[in-house]
Every structure is written in structure tokens, then in C-alpha cells.
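Subject: Structure handover

Hi,

Here is the structure you asked for. My notes on the helix packing follow below it.

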Amino acid sequence: YDTEEKKKYEHEFTQYCKSKGLTDDQIYPLFGKGPKNLTYEKDEQARIDSEFASMTNDEKFQFLIEKGTEFPLLLDDFIFELGQEKDFDLLGNFYNEFIKVYSDFIPVYMSMAKAYLKNNNIILAKHYLNTATKELNAIADIPDDIKESARNDIKKYLKEIQLSFRNHNRR
């Protein structure tokens, strides 16, 4: 994408996320950026991060089922952590419970794909990316051009996975 297309996509996606109740603090990390305006004071965010870090996996599970869309970075970290610990039973249970409530929260599918890719499970990584595309298509109030841009991003990620997998198998 050229810079203008990227800016347009980010703006439109940001507007969509805001229409779903997400704050800038929750949206900007999805683009790999820091928050535009901090909603929480740094001390408050540090407190939340510290409390979350001291929770058991079961407590994190419950916290994220209740507030996962408010804390997408904690959600991503938890999913990645479960993948690193190879706790796929808890990861699967968490995913199933989370999507019962937030099936249209696309970042959860991307996080699941990353967790499985990190464990060299290309089949499940692709499954979650394909599910992200399916869910994205099902959301009625996203403009078609934003959907297409997001689908293209997912397709690009899928191609990168394939290329990485092929290169890995050649070694």
C-alpha cells in the first residue's frame, strides 16, 4: 500500500473501532503504534499491568472474558503466553469462551494465529486467519473498502506464512 492508502485505511478502521466503543488506547496498538492520547494515567496503566501479571492463568482468563476488548494488548500477551507454555487446552477453552461474547473482535483471531504460528502449527494459524476473514465479512457496518483492505492484509499475512513455511522446509 502507498502511504495515502494506508492513512485512509487506518482512519476508516479507527472510525469503525470507535463506533464499536473502543478508545484510542485500544485502537492504536492494533496498528503497532503507541496510543494517541492516554486515557489512563501512566500509574493506573502500570497498576493494571502489574495486577494482570500477578494473576493466575484462570484469573487472567476471567478478566479477559469480561474486559478483553478494553485491553487488546493484555489479550494478545495472554494468548501468546499460553502458546509459549503450550497450554493448548486452556488456550482453546479461552478462545471458545471469548468468541461467544466477542465473535466480531478480529484481533483475537490474529492473536490466535500468531500463537499457533509460533508453535509451527501452520494449519491452525491459517485456520484463525481464515476465520478472521469470515468474521470480518459478516460484520455489516464496516465499509466495503475497509473490509477489502483488511482482507488484503490477512491475505498478505497468509502469503508470508506460506513463504516462511516453504523456506523452513527447504533447510
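A crossing of two helices is called right-handed if the near helix is turned clockwise from the far one by less than a right angle. By that rule, α5 and α7 cross in a right-handed way.

First, a caution. This is a predicted model. The protein chain has an average pLDDT of 82, and 82% of the residues reach at least 70. Residues 36–40 fall below 50, although this stretch has eleven contacts in the model beyond near neighbours in sequence. Where pLDDT is low, the predicted coordinates should not be read in detail.

**α5 and α7**

Back to that pair. Helix α5 covers residues 72–84. Its angle with α7 is about 25°, and the axes are 9 Å apart. Angles under 35 degrees count as roughly parallel, so α5 and α7 are roughly parallel to each other. On the α5 side, the residues are L75, D76, I79, F80 and G83. They meet V108, S111, M112, K114, A115 and K118 of α7. By class, this contact has six nonpolar, two polar and three charged residues.

**α7 and α8**

Helix α7 (residues 106–118) also packs with helix α8 (residues 122–138). Here the angle is about 170° and the axes lie 7 Å apart. This pair is therefore roughly antiparallel. From α7 come I106, Y109, M110, M112, A113, Y116 and L117. From α8 come L124, A125, Y128, L129, T131, A132, E135 and L136. The classes are 13 nonpolar, one polar and one charged.

**α4 and α6**

Helix α4 (residues 57–67) packs with helix α6 (residues 88–102) at about 20°, with 9 Å between the axes. That angle makes α4 roughly parallel to α6. The crossing is right-handed. α4 contributes N57, D58, F61, L64, I65, E66 and K67. α6 contributes L90, N93, F94, E97, F98 and Y102. Seven of the residues in this contact are nonpolar, two are polar and four are charged.

**Salt bridges**

How many salt bridges does the structure hold? There are five. One of them joins E51 and R47, with the closest N and O atoms 2.5 Å apart. Both residues sit in helix α3 (residues 42–54). They are four residues apart, about one turn of the helix.

Best wishes

Conventions. Residues numbered from 1 in each chain as written. Predicted model: local features only at pLDDT ≥ 70, side-chain atom pairs only at ≥ 80, totals over all residues. Heavy atoms only, no water. pLDDT = per-residue confidence, 0-100. Contact = heavy atoms within 4.5 Å. Axes fitted to C-alpha atoms, helices over the stretch in contact; angles between N-to-C directions. Helix = DSSP H or I, 4+ residues; strand = E, 2+ residues; numbered from the N terminus. Parallel < 35°, antiparallel > 145°, perpendicular 65-115°, else oblique. Nonpolar A, V, L, I, M, F, W, Y, C, P; charged D, E, K, R; others polar. Salt bridge = Lys/Arg side-chain N within 4 Å of Asp/Glu carboxyl O.
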